[in-house]
Protein chains: 2
Amino acid sequence: MINLEWYRIFLHTARTGNLTHAAKELYVTQPSVSYAIKQLEAELGVTLFHRLSKGVELTEEGKALLGFVEESLAVLDAGETRIAAMKRLGGGELRIGASQSLIKHVLLPHLNTFHEEYPDIRIRLSPGKTNIILQRIREGQLDCGLVHLPAAGEGLTIHPLGELQDGFFAGAPFRHLAERTLSTQELSELPLLSFSEDSSTRIFAEQWFAAEHSAFEPDIELGSVELLAEFASEGFGIALLTRAFVQKELAAGRLFELQTERPVPPRAIGLALHHERKLSLAARPFVDRLLENAP
Amino acid sequence: MINLEWYRIFLHTARTGNLTHAAKELYVTQPSVSYAIKQLEAELGVTLFHRLSKGVELTEEGKALLGFVEESLAVLDAGETRIAAMKRLGGGELRIGASQSLIKHVLLPHLNTFHEEYPDIRIRLSPGKTNIILQRIREGQLDCGLVHLPAAGEGLTIHPLGELQDGFFAGAPFRHLAERTLSTQELSELPLLSFSEDSSTRIFAEQWFAAEHSAFEPDIELGSVELLAEFASEGFGIALLTRAFVQKELAAGRLFELQTERPVPPRAIGLALHHERKLSLAARPFVDRLLENAP
DNA sequence: ATCATGGTATAAATCCTCTCTATGACAAAG
DNA sequence: CTTTGTCATAGAGAGGATTTATACCATGAT
């Protein structure tokens with residue numbers, strides 16, 4: 001069997017035309033080179049060099065081979081260079097999945113500082129529903145995903161990242177409710193605003209209401225935190241929202257939070273990773289940073 | 001230092017996605033493959049495979065590398081194939097130098113049988129003067145040369161191949177000379193036909209005449225055996241020719257040989273080879289055959 | 001001629017790397 | 001809960017590459 005190392009030795013020898021010099025270049029001794037060349041010649045069944053008194057000289061066969069070997073090793077060299085470049089994060093790509101609201105309110109601040117530090121890493125954000133994100137992580141199309149917990153962890157590792165506190169928020173027209181403490185029952189009879197059917201927030205709310213023996217049946221379904229806040233402040237109804245996401249509206253007095261009889265349970269969010277696949281060099285520092293803050 | 005063998009192992013592993021299978025393909029054990037991959041990863045400083053529970057899977061870096069390695073090893077493969085083809089003499093080339101007359105009368109018969117046996121070897125004949133041929137052998141542009149001896153053997157090996165007998169030939173108008181035995185002196189006074197100044201035949205003749213205290217001064221100089229024979233048979237004079245080369249003309253009676261007082265010394269011819277360079281695979285059998293017949 | 005120089009080949013001992021055996025750990029599937 | 005298939009690891013071992021030392025050869029200078 002041909003040892004590919006012999007080709008490297010062959011190349012140096014062919015270029016220098018001198019076993020001794022080739023040996024020096026390769027940091028080995030001359031007999032070592034002599035031996036390797038002989039092995040290669042034996043394996044190929046041809047003489048590759050004429051041994052002259054002042055060095056060696058490629059035979060026709062050797063000349064023919066040299067072209068191939070040069071190209072081959074050059075390609076490998078290019079490969080190694082590419083890898084080295086990727087190692088310096090140059091070619092890196094960070095693929096994150098998250099819901100729209102988590103992207104905006106949780107991910108964005110982290111991404112900003114991360115991108116400053118690693119400007120060469122291309123960030124690809126995939127907005128999507130939790131279960132879709134998890135699926136894509138399983139398939140290796142995403143490096144990680146920011147999802148609401150609990151998440152079906154088939155083949156995934158979930159790192160809890162912290163909790164978000166949801167609440168019910170309304171605008172001026174419902175100001176009279178501010179002084180009261182509302183039961184789930186009462187809430188369910190008010191006009192409710194919420195995300196659409198299959199969002200995790202919606203599912204969470206339905207489950208909670210069900211546990212309280214009520215039904216969560218929103219009158220208006222909307223697709224983003226912004227729209228819900230907007231509609232609520234206009235008085236269309238009571239919106240179920242994450243408190244942290246509407247800080248601005250609260251501070252400005254456009255929204256206020258309703259008191260509930262029983263506190264809305266906090267919802268954990270977590271970072272989902274593939275349980276076996278190792279993180280790419282580009283993803284590693286990002287994930288590390290994320291987990292540092294809230295492990 | 002990266003061992004190029006690792007790349008071969010990497011390639012098989014990447015293709016099978018399974019260390020165990022790669023190991024089988026390579027006729028080694030699984031830990032061996034595991035070890036090699038780890039070495040390569042350590043040397044490159046990146047992880048090349050995700051280790052999953054049902055095999056391995058290329059990382060981004062691994063995928064990037066794979067293309068290079070595939071190409072590289074394919075090129076080497078092509079090289080080995082080419083060499084194998086050359087070994088079967090397919091790509092062989094036999095470069096012979098010789099004078100015009102030796103080509104026609106000595107080389108041709110050998111070349112015919114040789115070409116029948118090795119039809120794939122391209123034969124390149126270089127007609128030329130002896131010293132030019134020797135020079136080109138020294139430079140490696142010719143594999144061998146058929147030359148008149150003695151030849152200046154600087155850096156060359158000369159194998160004697162046999163002797164050629166020269167003689168003086170004339171046509172019908174000189175028939176009256178046929179019964180006599182001529183001295184060199186007498187010959188020099190007859191109209192002589194010969195090769196041009198720097199041909200080895202001419203030099204040989206001049207030296208011989210000088211040794212006999214005469215001068216060899218041809219009236220007509222011509223460039224080929226055929227022309228000399230033609231002119232001689234037409235009666236232009238006496239031609240100095242190699243006997244074996246004019247057999248046909250002798251048999252047909254168009255020429256006859258003159259008797260000389262002292263026999264023309266035979267001239268040796270030889271095969272000149274480079275003293276250090278090994279013969280190419282294409283040249284080897286030809287030279288062997290040539291030397292077999294007349295060593 | 002003789003010697004010095006610069007090159008390769010060879011022999012034998014050594015060393016190191018790769019390979020193997022054996023085993024562990026882990027996940028998936030039955 | 002066992003079986004099966006996978007990779008990782010440890011330790012022993014073998015064998016090939018490397019080194020050291022030397023021979024050999026051609027060349028060119030003394």
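Visitor: Let's start with a cysteine. Is A:Cys144 buried or exposed?
Guide: A:Cys144 is buried, with a relative accessible area of 0%. Buried means under 20% relative accessible area, exposed means over 50%, and partly exposed is in between, using a 1.4 Å probe and protein chains only.

Visitor: And B:Cys144, buried or exposed?
Guide: B:Cys144 counts as buried, at 0% relative accessibility.

Visitor: How many disulfides are there over all chains?
Guide: The structure holds zero disulfides over all chains. A disulfide here is a pair of cysteine sulfur atoms within 2.5 Å.

Visitor: What should I know about the model itself?
Guide: This is a predicted model: local features need pLDDT of at least 70, side-chain atom pairs count only at pLDDT 80 or more, and totals for chains, interfaces and linings use all residues. Residues are numbered from 1 along each chain as its sequence is written, chains are lettered from A and ligands numbered from 1 in the order written, and side-chain values use heavy atoms, with hydrogens and water left out.

Visitor: Which domains does chain A have?
Guide: Chain A has domain 1 (4–87), domain 2 (93–162 + 271–293) and domain 3 (166–265). The bounds come from an automatic or database domain assignment.

Visitor: How far apart are the C-alpha centres of domain 1 and domain 3 of chain A?
Guide: Those two centres lie 75 Å apart.

Visitor: What rotation superposes chain B on chain A?
Guide: A rotation of 180°, with 0.0 Å of shift along its axis and an RMSD of 0.3 Å. That is the relation of a two-fold axis. The superposition is by least squares on the C-alpha atoms of residues with pLDDT of at least 70 in both copies.

Visitor: Which residue of chain B comes closest to the rotation axis?
Guide: B:Ser72, with its C-alpha at 2.1 Å.

Visitor: On to the DNA. Which residues are closest to DNA strand C?
Guide: A:Leu19, A:Thr20, A:Lys38, A:Arg51 and B:Thr29 are the closest of the 22 residues that surround DNA strand C. A residue is near a strand if one of its heavy atoms lies within 4 Å of it.

Visitor: Which element gives the largest share of the surface near DNA strand C?
Guide: α3(A), with four residues. Helices (H or I, at least four residues) and strands (E, at least two) are DSSP runs, numbered from the N terminus.

Visitor: And DNA strand D?
Guide: A:Thr29, B:Leu19, B:Thr20, B:Lys38 and B:Arg51 come nearest, out of 21 residues around DNA strand D. A side-chain N or O atom of B:Arg51 is 2.5 Å from a phosphate oxygen of DNA strand D. For B:Thr20, that kind of pair is 2.7 Å apart.

Terms used. Polar contact = N/O pair within 3.5 Å; in protein donor to acceptor, adjacent residues only side chain to side chain.
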